[in-house]
Amino acid sequence: MAVEHSTGTSAPAPGDQTRIHNIGYRSYDGPRLGRAYARRSLYSQSLRGSYGLGRSVKSKVLPMLLFVVMCVPAAIMVAVAVATKANALPVDYTRYAIVMQAVISLYVASQAPQSVSRDLRFKTVPLYFSRPIETADYVRAKFAALASALFILTAGPLLVLYVGALLAKLDFADQTKGFAQGLVSVALLSLLFAGIGLVIASFTPRRGFGIAAVIAVLTITYGAVSTLQAIADAQGSSGAVPWIGLFSPITLIDGVQSAFLGATSAFPGGVGPSNAEGAVYVLLSLGLIAASYGLLMRRYKKVGL
């Protein structure tokens, strides 16, 4: 029969190993700010990021440089108008964005992927949706932020032109009307370009691929449409020129403003669309903006799962 021997030491009771450490965590009993605050915060952060604010110095270089490039020609035109006491500005308010469309396209190509591609790459979109924010909030905040950044980029030079025109003592009523027409034009351009840029960028987590794709879509379509318009005009088919302009974002804006905002068209021969054709331009522009929003909603409903 086995004999149990005592070692002289007793095993510690289970409770003796338990320790409670107060590390300072407390439950949150403050106000719940909800979806609206989260949406505003995301909009503000995205808008600041479009110009590199709150990010590294390297991130600020390109957007700030592009903004300066947009404004410098306007400042030069103002200086010339003041020095020569000209009766009018060298470029109309509605024409400025068309002339500088390459800079605008480069800005969209650089900032649309920055706005959404990083969230896809680092898989942070589901983290956004784990909070009170919903898919619609995310899409609206990103869309509004990039459109606002583009409006700042395109309206800034117009403000320089307007202030310079008043300093040159040009007619106040004419300049105010032209300035207002220019703001309407660039507002539509900002919404259209922001939608197109975000849709393209939302399909790749790689920022480089997004930049290349946005540049390709904006520049290739404009180059192809301009070439076809020139060929149609040279062959005497001037009636086809306005319809060809429906296939490029920048020519869409050109057609809208030449039909309804009193702008001089950049189409071959300087003949823009009629009012009836301009209505098609407006409907197509608004349709593309709505379609871009819808595609972004569908895309992020899948990504957020």
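1. Helices H7 (residues 172–201) and H10 (residues 249–260) have axes that come within 10 Å in this predicted model. Their crossing angle is roughly 155 degrees. That angle is over 145, so the two helices count as roughly antiparallel. The crossing is right-handed.

2. Which residues of H7 meet H10? From H7 come Ser185, Leu188, Leu189, Leu192, Phe193 and Ile196. They meet Pro249, Ile250, Leu252, Ile253, Val256 and Gln257 of H10. By class, this contact holds 10 nonpolar and two polar residues, with no charged ones.

3. H1 passes H6 in a right-handed crossing.

4. On the H1 side of this contact are Arg35, Arg39, Leu42, Tyr43, Gln45, Ser46 and Leu47. On the H6 side are Asp137, Tyr138, Ala141, Lys142, Ala144, Ala145, Ser148, Ala149 and Ile152. The class count for H1 with H6 is nine nonpolar, three polar and four charged residues.

5. Tyr293 belongs to helix H11 (residues 275–303). Is Tyr293 buried, partly exposed or exposed? Its relative accessibility is 27%, so Tyr293 counts as partly exposed. Leaving aside residues up to four places away in sequence, Tyr293 touches Ala136, Val139, Arg140 and Phe143. Take Arg140: 153 residues separate it from Tyr293 in sequence, yet the C-alpha to C-alpha distance is 8.1 Å.

6. Most residues other than glycine have a negative phi. Lys85 is not a glycine, but its phi is positive, about 55 degrees. Lys85 sits in the loop between helix H2 (57–84) and helix H3 (93–99). With 70% relative accessibility, Lys85 counts as exposed.

7. Lys169 also has a positive phi, about 60 degrees, without being a glycine. Lys169 lies in the loop between H6 and H7. Its relative accessible area is 76%, so Lys169 is exposed.

8. On confidence: the chain has a mean pLDDT of 89. Of its residues, 90% reach 70 or more. Residues 1–6 stay under 50 in pLDDT. For residues 1–6 the model has zero contacts beyond four places in sequence. Where pLDDT is low, the predicted coordinates should not be read in detail.

Conventions:
Residues are numbered from 1 along each chain as its sequence is written. This is a predicted model: local features need pLDDT of at least 70, side-chain atom pairs count only at pLDDT 80 or more; totals for chains, interfaces and linings use all residues. Side-chain values use heavy atoms; hydrogens and water are left out. Helices (H or I, at least four residues) and strands (E, at least two) are DSSP runs, numbered from the N terminus. Buried means under 20% relative accessible area, exposed over 50%, partly exposed in between (1.4 Å probe, protein chains only). Contact means heavy atoms within 4.5 Å. A crossing is left-handed if the near helix is turned anticlockwise from the far one by less than a right angle, and right-handed if clockwise. Ala, Val, Leu, Ile, Met, Phe, Trp, Tyr, Cys and Pro count as nonpolar, Asp, Glu, Lys and Arg as charged, and the others, Gly among them, as polar. Axes are lines fitted to C-alpha atoms, for helices over the stretch in contact, and angles run from 0 to 180 degrees between N-to-C directions. Angles under 35 degrees count as roughly parallel, over 145 as roughly antiparallel, 65 to 115 as roughly perpendicular and the rest as oblique. pLDDT is the predictor's confidence in each residue, from 0 to 100.
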